[in-house]
Structure formats: C-alpha cells, structure tokens
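Please open the model in a viewer and keep the selection panel at hand.

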Protein chains: 2
Amino acid sequence: MTKRSVTMSDVARQLGISRSAVSFALNNEAQVSRETRERVIAKAAELGYRPNAGARALAGQKTDLFGLVTDIVSTPFAGDLIAGAQEWFWGHGKSLLIAGTATPERPDARSIEMMLEHRVGGIMIATTWNRAIDVPAALENVPVVLVHCFDALGERPSIIPDEEQGGREAAQMLLARGRRRIAMINLPEDLVAAQGRRLGFEKALVAAGMAIDPASIVTSGPEPDSAYDVARALLAAGDIDGVFCANDRIAMGTYDAARDLGLRIPEDLSIVGFDNQETIAKYLRPALSTVALPFREMGRRGAELLTRASEDIDRKKIVISCPPIARNSV
Amino acid sequence: MTKRSVTMSDVARQLGISRSAVSFALNNEAQVSRETRERVIAKAAELGYRPNAGARALAGQKTDLFGLVTDIVSTPFAGDLIAGAQEWFWGHGKSLLIAGTATPERPDARSIEMMLEHRVGGIMIATTWNRAIDVPAALENVPVVLVHCFDALGERPSIIPDEEQGGREAAQMLLARGRRRIAMINLPEDLVAAQGRRLGFEKALVAAGMAIDPASIVTSGPEPDSAYDVARALLAAGDIDGVFCANDRIAMGTYDAARDLGLRIPEDLSIVGFDNQETIAKYLRPALSTVALPFREMGRRGAELLTRASEDIDRKKIVISCPPIARNSV
DNA sequence: GTGAAAGCGCTAACAA
DNA sequence: TTGTTAGCGCTTTCAC
C-alpha cells in the first residue's frame, strides 16, 4: 500500500460537504449541482485523490476485475490476445488479472482461487491451439468465456477462428496465382485446426473446378524438422507448383526442403502458411504469405462477451474469420 | 460478482462463535484453540467459504496485488518473464495485475491509474530490449522495480542481464570449437545490448590471445533482411570460420547469406546467436547455438525485490547471467 | 440538491 | 482462549 492516501472524506471535509456528495459528484450521478460537482472535481485533483478500487467494489457489490487464464502467454500470439482484451476492458473501466499457466484446462488451482477471491466478474480461458477443454469445476457459477477453444459440452460461450474459411483463403491465394498442381501439408488430422483448414482447402479447389487428389494431401508434425522430411518427399515425388502448409512452422520446413531440391520460391513453387506467426512469417526469405489467426479480435470479443455475461449468458460459439496476409511466397 | 457469497459471518454464526475467532483460525493466528481452528476450517470448507480479497485488503490496510507493466507481452519472452514473476508471487500469496502496453516508458496512463486505484503493493516495469527508461511520474511513491531496463537516474532497483558475460560465452563457444577467424555482426552500437555483447566478445578473444581486427566487427539492423546483406558482404570478403551474431534474427539472416554463398553450417562456418528466441533458434536448420536472455530468472528476482521493497528499498542494479545454449550451429 | 446513516466483508485492538 | 467493537473507504437508500 502506498503511504496514507487521500480519501473521499478528506475531499469532503475540505469542502465542508458530505461524503456522499463527493461520491455522487465523482460518479457523475444526477443529484449534485453543477457547481458542487466542479468544486469536488477540482479539489480531488488538487489533493491527488485516487478512488480505492477495493473499497468501491466492497461497497458497491460489484467488481471491475476480470481474469484471463491462458497458456498462450508463452507464444507470440499473447500480445494480440491481451491487447484485444484490454482494449475492451479498459474502454469499459475494467481491469485484467492475468494468470499464465502451462495448461489452461488444468490451471494451477491457485490461479483460479486467487481470481475468485478477488471476486472477478468473469474469466476468460484462452489456449494456444484450438481444442476442446474441460472447464475447471471451481468455475461453476462464474461467467466464463472460452477463446480459441471450446468446452466439449457446449455449455460455455466460446470464440473460435473460422478455420475452414481460413483454409479456403489459403487455397484461393494459390489459385489466384494460377497454381493448379496444389498440395497441402496438413497437421495431424485429429486437430480441430487440421480438419477445418483441410475442409476449406478442399472446398476451394472443388469450387475452382478441380479434383482432389488424396495423395496430394499429406500429414506432418507441427514442427519444421518433421515438415522438412514430409515436404521433401512430397516435392520430390510429384510435380507440384503450390503448397498450402497448415501452419507457418511447417512452411518453414518446406522452405528448406524446396531449397535443398533446387526449387525457387515463388518462381517454381508458391507456398502459403497459416497462423501468421510473425517471427517466422515475416523473417523467412521470401516473406511468407499466410493466413492470420485473429487473436486480437478474439480477445476483444471474448472480453465483450464477458462484460455482458451478467446480463444474458449466451452459450453460442462465435466464429471469427481469419484474414489472409499476402507477402512474397506466392 | 458471483451470487451472494458465503462470508465469514456465515461461518461464525453456524459455529456459534465470533467472527474474529474465525478470522484468527483461518489466518493461522496463535490465539485460537486447536480444536476451534479445526472446526472453523472444516465448516468453511463445507460452506464453500472463500475469503474476499478486497475486503481483506481494506480492513488489513495491505494488499496482495502487484502490477506488471510491459511491452514484452507481444514477444515470446513474455511467457518466461511472467512465469518467473508468478512463481514468486504465488509462492508468497500475491496476485499479479498485468497491463500490456506498446511502450513501457509511456504506458497508457489508464493502466497505471488502474493499478494505483487497486492499491498495488508495487509495480514491475519490463521491456523487450535492454535500455534506459523514464519511470512515469505517477509512480513516485510506489515501489517500482525495472526489469531488463533501468532508469537513467539510477533511483530505482533494476534487474538486468549480464550482456558482457553473455558475449563472452558466445565467443567461447566459437573458440572451443577451434574457430580462430571469428567475426561479429553486432546490433547498432547505441544499444546497451550491443555494447555489452561486443565488450564480452572482445575480452574473450583477447583472453584467448587473439588480436581484435576492427574490420571483423560489423553492424547490422536487428532484422534478418538487413543482416543478410551485411553477412553476405562480410562472408564474401574475408575467410571467416566463425561468427557471433548479436541476436538470433541476425543469425537467421546470416544463415541465408551463408547458404547462398555455398557455406555449410557448421562445417564451413560456425554461428552463435543471442537471445534464444525459441521460434527461431530451435527451428533453424541446423538448430542455432545461442545465449539466452534469462527472463524467467529476471522476472522472479524482480518479484522478489518488489515484495521486499516495503522493508528496504535498495536501488541497486542486479545483474543476472546469460546461459549459453548449445545446439548444432557451432 | 444535500447530508445522515447503514452497511459491504474483513482485521485488529481491546476486554472479558 | 474467546468475543466485542471499531473501523478500512466507499456506495446507496432515505430523509431533509
């Protein structure tokens, strides 16, 4: 705690009015004269009065704190997510309590406990990769919104990216460039992201009047080294002129494979990634065209839902579209 | 706020004892009988009693909230920093309020204001890159600790990485590999990091009995594309067998330059980076040997200093060493 | 339009 | 050892 801080009573006393008058004035309630209000505001500023959020919450039986529990904090996406959430919260006079955790579905019990003790108005749970999670039981009667994940039972509102639309965008970038012998290096098929991205990809090809050759859709682990082997085999075998990599790290491995095979990007081979993981996509040579995961927007919408949650708790899934980011690899 | 929650009075009433007895029992104060304490704890658990952090802070004139203001949230380092800070805070019953901001030296005034209104016990300011900052005036009488940055006036305690020792480690990795024609691609010389890393690098060479050829230390922008040009010129000109890149992104550009020049890593050329930016260092082929910025440790120490700050505010600079991370590029 | 007064949930003297 | 009693700083009826 800072030294003895200026309280509302101090302001009231110096002005010779009651505490409630000060409270009303500061909170813009109707029942104060314009003049009183101005005097109060001036005096408060002069004294360096700063409301005590805890006391206010106690008395008013309401809170301005919201919690964010996430594993995403250790990824470059965190910035966008948090920025999006803060954008909304701050715009509405709320504060954000953050707990980083290795696994959001089993967060350190203490992080949840701490938020609950602070009587947060709601909790946002966000994950690094799109998946189903079990909401911790302790959160039973607290508004919760899931971001980039969803609960298996569909009982909680959830904000997820439109993987399918993203996959479509990726394919369209390749098609627009005139590529016709297009392959996809997908993530393991059990991932939600893999399923959606592939579906979109296939739909776009079909819509363009092309047939889907099952052999042109291969699977890789999420990391570049695994992708390198898969990509190398794929590129060496067929004559492919465009490949959609289900994430940017796979694209990174594919770059290396292409180079080792003497293929120039984008002259001989166009590549599109997914995720828009900036430290990779921007720095690859040539810079990688990709599809972004809309973390900022998801964070903002999540925050919005949470502050509204008290009114009407919807339990819908909100789908946010993934914007294509054109760089130089197509 | 959750529904009407269980209060201390509820517990006391059901047990037929006073509120203070409950308070003492729950807070492990001496003045309760063992038996009463146990009954209280059992009843509290049964009722699902959860202390109200705000009320407790109000009554006890102390807070368990601490703030973190940082721009680092948008980088992969954030995870380590926050994990380190939380590790300490949670271990000591404190909570962390986080504000992401584009520029920590001029944080959104509201983020600071919000923390102050919550009467945080102290604020940690952390930056993405090591530099001097001006601590916002509003923080005048609040304990502050600077992490990965420092204030020009030296009035605030600050935790910084040992850039010089890190530079030395980098050079030593190269020397240990038997490299003798070693160059350094440095960051712009006005950066604290650039100065320290270079100093360490030079000292290591001198200690190894080598002369410093000024021409072998060149400067690059922090990004791969700028580094590519610099590295290409450097490698094309001299016959160099080892290069220390002042950050991992520079190393990334250097990889490309080396490859385009037909140089194999590490056979023909050993490369060492700095920062241990995982999405880059781990994924490069071959994986990049580098020196890590100890964000986790810095976060932990910062938190520690902050919770102790009330007792004795030291205004020293604490220097944390940067551990070398050996991978396959040397 | 303004003030008095009753809490919000908890801690910490002080008495018993 | 236990209970009584003030507050902590603020909001919010309810009279005036």
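Helices (H or I, at least four residues) and strands (E, at least two) are DSSP runs here, numbered from the N terminus. Residues are numbered from 1 along each chain as its sequence is written, and chains are lettered from A and ligands numbered from 1 in the order in which they are written. The model is predicted, local features need pLDDT of at least 70, side-chain atom pairs count only at pLDDT 80 or more, and totals for chains, interfaces and linings use all residues; side-chain values use heavy atoms, with hydrogens and water left out.

**First stop: Q165(A)**

Select helix α7 of chain A, residues 163–176, which contains Q165(A). Q165(A) has 8% relative accessibility and therefore counts as buried; buried means under 20% relative accessible area, exposed over 50%, and partly exposed in between (1.4 Å probe, protein chains only). Apart from neighbours within four places in sequence, Q165(A) is in contact with S321(A) and C322(A), where contact means heavy atoms within 4.5 Å.

**The two protein chains**

Display chains A and B together. Chain B is superposed on chain A by a rotation of 180° with 0.0 Å of shift along its axis, at an RMSD of 0.1 Å. The two copies are thus related as by a two-fold rotation axis. Both copies use the same surface, as 98% of the contact residues of chain B recur in chain A. The superposition is by least squares on the C-alpha atoms of residues with pLDDT of at least 70 in both copies.

**DNA strand C**

Next, select DNA strand C and the residues near it (a heavy atom within 4 Å). There are 30 such residues, and the closest are Q31(A), S33(A), M8(B), R19(B) and Y49(B). Of the atoms of DNA strand C that come within 4 Å of the protein, 66% belong to sugar and phosphate.

A polar backbone atom of M8(B) is 2.5 Å from a phosphate oxygen of DNA strand C.

Colouring by class gives 12 nonpolar, 13 polar and 5 charged residues near DNA strand C. In this scheme Ala, Val, Leu, Ile, Met, Phe, Trp, Tyr, Cys and Pro count as nonpolar, Asp, Glu, Lys and Arg as charged, and the others, Gly among them, as polar.

**DNA strand D**

Now select DNA strand D, which is surrounded by 29 residues; M8(A), R19(A), Y49(A), Q31(B) and S33(B) are the closest. Sugar or phosphate accounts for 58% of the atoms of DNA strand D within 4 Å of the protein, and bases for the rest.

- S23(A), with a side-chain N or O atom at 2.9 Å;
- N52(A), with a backbone N or O atom at 3.2 Å;
- R56(A), with a side-chain N or O atom at 2.9 Å.

The surface near DNA strand D comprises 11 nonpolar, 13 polar and 5 charged residues.

**Helix α1 of chain A**

Select residues 8–15 of chain A, which form helix α1; D10(A), V11(A), A12(A) and L15(A) are buried there. Their cover includes α2 and α3 (34–47) of chain A. At the start of α1(A), a side-chain oxygen of T7(A) reaches to within 3.1 Å of the backbone nitrogen of S9(A). G16(A) follows the helix and has a positive phi, near 70°.

**Helix α6 of chain B**

Move to residues 109–117 of chain B, helix α6, where S111(B), I112(B), M114(B), M115(B) and L116(B) are buried. These residues pack against α5 (78–91) and β2 (95–100) of chain A, together with β1 (65–70), β2 (95–100) and β3 (123–133) of chain B. After α6(B) comes R119(B), with a positive phi near 55°.

**Last stop: the core**

Finally, select F89(A), I271(A), F89(B) and I271(B), the residues with the most contacts inside the largest nonpolar core, which has 180 residues. Such a core is a set of buried Ala, Val, Leu, Ile, Met, Phe, Trp, Tyr and Cys residues joined through side-chain atoms within 4.5 Å. Not counting residues up to four places away in sequence, I271(B) touches residues including V243(B), C245(B), Y255(B), L288(B) and V330(B).

Definitions and conventions: Polar contact = N/O pair within 3.5 Å; in protein donor to acceptor, adjacent residues only side chain to side chain.
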